[in-house]
Amino acid sequence: MLRSIHIKAALALAATAICLNPAHAATTVIPTTSFSSYSTFESFWAYLYPWGSDHNGSARMVGSSTDHSHIVLASSTLSLIATPTSNAVPPTSTANPNPAIHYASGAIHAKSQITVTSANSYTLSGDFSAPTLRGTWPAFWLTAVNSWPPETDILETKGTNNNWFNTFNTSSIVKSTLVAWPADLSFHTLKAVLTAEPNNADVKIDFYMDNVFQVSQFGQGFVNKPLWLIINLQMEGSSGTPGPTGTTTYKVRNLQVTRSGS
């Protein structure tokens, strides 16, 4: 009996130590409820790209706390909606390679930056219904806050029935893994786990689709580099032209970001 008591006490102490040790604690950075209402959304997310409304495609992002025409929340699901537009002002994107603006669309970015260190790891996951028609370019990605790279793309469909898992170490040193993505707009789960390598310089990114491991990629020198988390529906550009003549919708639900460690 005494031995049993000692074993129980030891287990209790071990459990307490684990709970008190921040290396084992998991912090929710963005909860699965962040799309439940606009007020909750605005606690965790900001409208447009971190740098503004334009990027490398033909869609100009539109959205604010008073304009939800292209950034819509309903039933705890985010919808980014692209519609054809004409007579845009200015007529071309302000971002390289300055394509002509043919669409108004939606983009959001997380208010909390993601920085992988030697003392933590991050897990990003969610359910995605992404269009695959020519000219549609939805994404769920991480990109450098300061100087580019780093960049990691967790979802990127570029006008075909493939999702691209990408990691950019430079503009020419890129690892890309293509995984079949259905064209029926059904929801599929994606997950990325970012962990520092033992050299405390590089980051390993493990990619999953529908809870099945797909590939590991490695970001050289990504440790301690702050990253923006972005969800956007860009158009044309790398996804081909011409794009759709009607409305395009990209949906996300159950999105969560957690950090393990300090």
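Predicted model: local features only at pLDDT ≥ 70, side-chain atom pairs only at ≥ 80, totals over all residues.
Residues are numbered from 1 along each chain as its sequence is written, and side-chain values use heavy atoms, without hydrogens and water. Local features need pLDDT of at least 70 and side-chain atom pairs pLDDT 80 or more, whereas totals for chains, interfaces and linings use all residues.

Strands are DSSP runs (E, at least two residues), numbered from the N terminus. In β7 (residues 107-110), Ala107 and His109 point one way, while Ile108 and Ala110 point the other way. All four are buried (under 20% relative accessible area, 1.4 Å probe, protein chains only). In a regular strand, side chains alternate between the two faces of the sheet.

| Partner of β7 | Sense | Bridges | Opposite residues |
|---|---|---|---|
| β2 (residues 45-47) | antiparallel | three | Ala46 and His109 |
| β16 (residues 227-235) | antiparallel | three | Asn232 and Ala107 |

A pocket is an open set of points on a 1 Å grid over the protein atoms alone, where a 1.4 Å probe fits, with protein on both sides within 12 Å along at least five of seven lines; lining residues have an atom within 4 Å of a point. The largest pocket is lined by 25 residues, with His55, Asn56, Trp141, Trp148 and Glu151 nearest its centre. The lining comprises eleven nonpolar, ten polar and four charged residues. Strand β16 supplies at least two lining residues, as do β9 (136-144), β10 (151-156), β11 (162-168) and β12 (174-180). The most comes from β9, with five residues.

How values were computed. Buried < 20%, exposed > 50% of the residue type's maximum accessible area, 1.4 Å probe, protein only. Pairing = 2+ DSSP bridges. Nonpolar A, V, L, I, M, F, W, Y, C, P; charged D, E, K, R; others polar.
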